[in-house]
Amino acid sequence: MCDRGSVWNIEPMESVFTETGLEELRPAEVREGSGRDISGPSVIHATGLSKRFGSVDALTGLDLNVPQHSIVGFLGPNGAGKTTAIKLLLGLSRPTSGQATLFGLDAVKDSTAIRTRVGYLAQDPRFYTHLTARETLEFTAKFFFKGPKSAIQDRIEETLDLVGLSDKADRPTKGFSGGERQRLGIAQAQVNHPDLLVLDEPAAALDPLGRRDVLKIMERLREHTTIFYSTHILDDVQRVSDHVVILHQGRKVADATTSQLLDGGCTYQLDLRGDTSTAKSTLQGQPWVSEVVLSSTESGDSMIVTVTDQRAGDALLLRSILSDDALTVTNFGRKQHNLEDVFLQLVEGQET
Amino acid sequence: MTATTRVDKVELIPAGGSGWTVGLSNLLRKEFGQWWTTKLWWIQTLIWLLLLNGVTTVIMLDSSGMAPADLVREAVQTFFLVAATAVGIAIVLTLQGSIVGERELGTAAWVVSKPVSRTAFVVSKLIAHFTGFAITAILIPSAVFLVTAQFLLTEPVAYGPFAMGMAVTALNVLFYVVLTLTLGCMFKSRGPIAGIGITLVLMGQFFKGMLPETIVLATPWLLGDVAASFAVQQPPAFDRMVPMIVAGVEIVILALVGIWRFNREEF
């Protein structure tokens, strides 16, 4: 059966998991999202992770699984608790309750060992202003590895090139713009070739071109690493993420693959040419159809059909329409939601 | 592919290390760099040459009919007593932002997000700043003092006792470096750090003669007198081992408190 609301618009979200089967999204059995197989061992695993500052609950009971080689977008409005969660995962802050493991290591007890395998970009990255970009990367690199100076320099050159800072490598970071600092932030997070990249708002300070470059870099890095990044730029998430976790007021309100989150489920969209009146009345008479909405466009008519049974919709809808010889179907498919709609509905749903 | 595998490809090996020393050598390199590859070292050296050697050179030049031995004693005592007070204040003023500033700027959070122990973060600052002040405010002015004394005084300065005085002054420097860094670990702003540190130094100047000896002995206020007494070879009225031992114990306690606090810091 099909309950449109159960796809993502239900609170509390625990119900979503139950009704949609998303509770099965565990590391070994993560479904394919965004056309990529992201199954694999869990890189980040958190259970009931909570943080309280005085009387304020910054994060409440966060359960999280980030599979290896996935790009996971950590979404939420400002103050949702994204940065708090990231800091807890990296051992920069201690949880009030709950626990987290990265690579199977405890985030509190083994944080130094964890950080040898992690690259982290803070929300507003800051560096020693008297150091140049090259010196900053050298300083960072030496926390992770040692070896011949030439090999370290090669690594630094490669990293500078990756973020497009080669021509500014020998300038002190004091004069860097926000965008340049952000690029250097990504470079220092990547210089150790980490197994996990944790990026807190990686594109926030960038112009559209810079944002595009960052997304490209993330796409390139996914071959070698798992990327867990927070953002409030929904378009970016939709473009590169396999998996989306949405946080609101310190609570997780959604956790699904991007395709699942955007899947319209029981709503179909058809673009038609010809007389649609017969088809509309035929469909309205079907027991598995709950709603038919027709609208006119420049190239014909657009029909939005909501069904009560997805299997019946898949099997019978197009067949019913095509039985009408007066109609030509130019487009047919399940309606895809826009992440912004999903996000707003989830967040506003929580608020009401 | 793991990070290690790819590191091996380019002949790089993991930095390794364990416990509190993880990241220490890299941090030390950075902290020493801030002293010796910037203008900090020569500005500090210039200040101490002007202050310590300036004052003592004036004393050496203006003997005012003093006996040669008294003149040496006067110059040496002034050198160590001024050093004890002035260096204490300078350390507090210079280092008040060493940890707080990094916390405010976000660089502390950045550094501790790397594989580095927080203890190493504090210890690297302690070692680098102690070394920096010991060289610029004690070693170089002392060398200049001895050279100047060689030329201007008829009575020689005893090098061995003078070196003892330098060692005690170094203990004084260490105390204020540790105190300031520990306060930096405990407070979020510079105000309390500068306030507590400078008040402690100045209270010694104004009140050490008025307060009970047991209280005074529990402070670093007498280290200047101890240093001067070693250098001029005149034992003071109190057991000079007591202030040194007390200062040593306090340094250890303060350092442990600072490290403990910084390890609990949330970024």
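This briefing describes chain B of a predicted model and the side of it that touches chain A. Residues are numbered from 1 along each chain as its sequence is written, and chains are lettered from A in the order in which they are written. In this predicted model, local features need pLDDT of at least 70 and side-chain atom pairs count only at pLDDT 80 or more, while totals for chains, interfaces and linings use all residues.

**Overall make-up of chain B**
- The secondary structure of chain B comes to 12 helices and 1 strand, where helices (H or I, at least four residues) and strands (E, at least two) are DSSP runs numbered from the N terminus.
- Of the 267 residues in chain B, 41% are buried, a residue being buried if 20 or more other C-beta atoms, placed from the backbone, lie within 10 Å of its own.

**The side that touches chain A**
- In chain B, 29 residues are in contact with 35 residues of chain A, contact meaning that C-beta atoms, placed from the backbone, lie within 7 Å.
- The largest share of this side of chain B, 4 residues, comes from α6(B).
- Strand β7 of chain A (residues 145–146) and β1(B) run antiparallel and are joined by 2 bridges, with A:Lys146 opposite B:Ile13.

Notes
A residue is buried if 20 or more other C-beta atoms lie within 10 Å of its own, exposed if 12 or fewer, and partly exposed in between; C-beta atoms are placed from the backbone. Two residues are in contact if their C-beta atoms, placed from the backbone, lie within 7 Å. Two strands pair if DSSP finds at least two bridges between them.
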